[in-house]
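Please keep the sequence and the model open as you read.

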Amino acid sequence: MSCCPAGSLLMLGEQGYQPRGKVVRVEDLDIYVVGSGDKCVVWNYDIFGFNSGRTKELADLLAESGFLVVMPDYFRGTFQDPTKPGALEFLKRTTQWTDIKRDWETKIKPTAIQHGAKKFGSFGTCWGSYPVIRFSSLPEFVVGVSAHPSHTKISMVLGEQEADILAKISCVQLFLPAGNDGPEVKEGGLAHKMLKETLQITEFPEMNHGFLTRGDMTNPAVARDVRLAVQKIVAFFKEKF
């Protein structure tokens with residue numbers, strides 16, 4: 001089992017894009033830092049890691065909208081193709097909340113504060129939705145956004161109850177599921193039933209899981225929905241921060 005549903009888009013390189021931020025090394029953890037301000041978005045990438053697709057490009061776009069964005073390299077320079085052997089072991093190794101929280105408390109948060117952060121939100125794609133919903137239980141976080149979320153499958157892999165994690169969320173959420181994402185993250189699903197008015201959902205039924213960061217922008221429908229998703233993300237952070 002992987003975190004991505006059948007039909008998900010595969011890895012897309014950075015395609016020559018030159019990121020506008022900088023990489024800060026904190027002990028063994030690289031953190032991409034871009035933008036400025038006291039409102040900080042912690043960007044949680046997908047299973048393809050630190051240099052996947054439009055990840056840094058989208059982080060830069062969010063920063064241009066008035067936010068400080070920090071993206072930790074939780075995988076320490078590695079990544080996993082979910083279609084290849086080893087996905088299960090990779091998820092179990094890299095998705096331990098105690099380790100992610102320790103990185104947050106000892107490396108990510110201090111770095112963000114050094115760059116001016118006072119309030120925090122989180123954003124995630126695919127694998128990154130797991131840190132988002134986990135961070136959203138902490139008092140310093142005021143908003144969380146997840147695009148084509150994978151926390152349902154990740155919770156299953158880890159032997160955790162998704163409902164128990166959702167029950168601890170204490171801030172507003174936006175989910176942007178693709179057409180082949182599971183029912184748990186769509187209208188009427190588990191998260192919707194549990195979080196009620198705390199959760200907003202915008203579905204992209206024509207898109208495949210991974211479209212935001214890895215979809216083919218020469219396809220007019222993909223380009224349309226990537227732009228719409230970015231607009232939704234920026235507007236939600238501006239409204240809820």
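## Cysteines

How many disulfides does the count come to? The count is zero disulfides, where a disulfide is a pair of cysteine sulfur atoms within 2.5 Å. A disulfide is a covalent bond between the sulfur atoms of two cysteines.

Buried here means under 20% relative accessible area, exposed means over 50%, and partly exposed lies in between, with a 1.4 Å probe and protein chains only.

## How to read the model

This is a predicted model, in which local features need pLDDT of at least 70 and side-chain atom pairs count only at pLDDT 80 or more, while totals for chains, interfaces and linings use all residues. Residues are numbered from 1 along each chain as its sequence is written, and side-chain values use heavy atoms, with hydrogens and water left out.

Helices (H or I, at least four residues) and strands (E, at least two) are DSSP runs, numbered from the N terminus.

Which strands pair with β4? Strand β2 (residues 29-34) runs antiparallel to β4 and is joined to it by four bridges, with Tyr32 opposite Met71. Two strands pair if DSSP finds at least two bridges between them. Strand β3 (residues 39-44) runs parallel to β4, with three bridges, and Val42 has Val70 as its bridge partner there. From β3 the chain passes through helix α1 (residues 55-64) to β4, in a β-α-β crossover that is right-handed. That term means that, with the strands pointing away from the viewer, the path from the first strand over the helix to the second runs clockwise.

## Helix α1

Helix α1 is largely enclosed by the rest of the structure, because seven of its ten residues are buried. These are Thr55, Lys56, Leu58, Ala59, Asp60, Leu62 and Ala63. Their cover includes β2, β3, β4, α8 (211-214) and α9 (220-240). Just after α1 comes Gly66, with a positive phi of about 110°.

## Helix α5

Is helix α5 (residues 151-158) largely enclosed or open? Six of its eight residues are buried, so α5 is largely enclosed by the rest of the structure. The buried ones are His151, Thr152, Ile154, Ser155, Val157 and Leu158, and what covers them includes α2 (87-94), α4 (129-135), β6 (141-149), α6 (162-166) and β7 (172-176). Gly159 follows α5 and has a positive phi, near 75°.

Leu91 belongs to helix α2 and is buried, at 0% relative accessibility. Leu91 and Ile154 lie 63 residues apart in sequence, yet their C-alpha atoms are 7.3 Å apart in space.

## Pocket and cavity

Rolling a probe the size of a water molecule over the atoms shows where empty space is left. On a 1 Å grid over the protein atoms alone, a cavity is a set of points where a 1.4 Å probe fits but cannot get out, a pocket is an open set with protein on both sides within 12 Å along at least five of seven lines, and lining residues have an atom within 4 Å of a point. Grid points are joined across faces, edges and corners, and a volume is the space filled by probe spheres set on the points.

The largest pocket has a volume of about 200 Å³. Among its 14 lining residues, Tyr74, Arg76, Thr94, Asp99 and Asp103 are closest to its centre. Helices α2 and α3 (97-114) each give two or more residues to this lining, and α3 has the largest share, with five. The search also finds one cavity of 30 Å³ or more, and the largest cavity has a volume of about 60 Å³. Its lining residues include Trp43, Leu58, Phe123 and Val234, and α1 and α9 each give two or more.

Key. Contact means heavy atoms within 4.5 Å.
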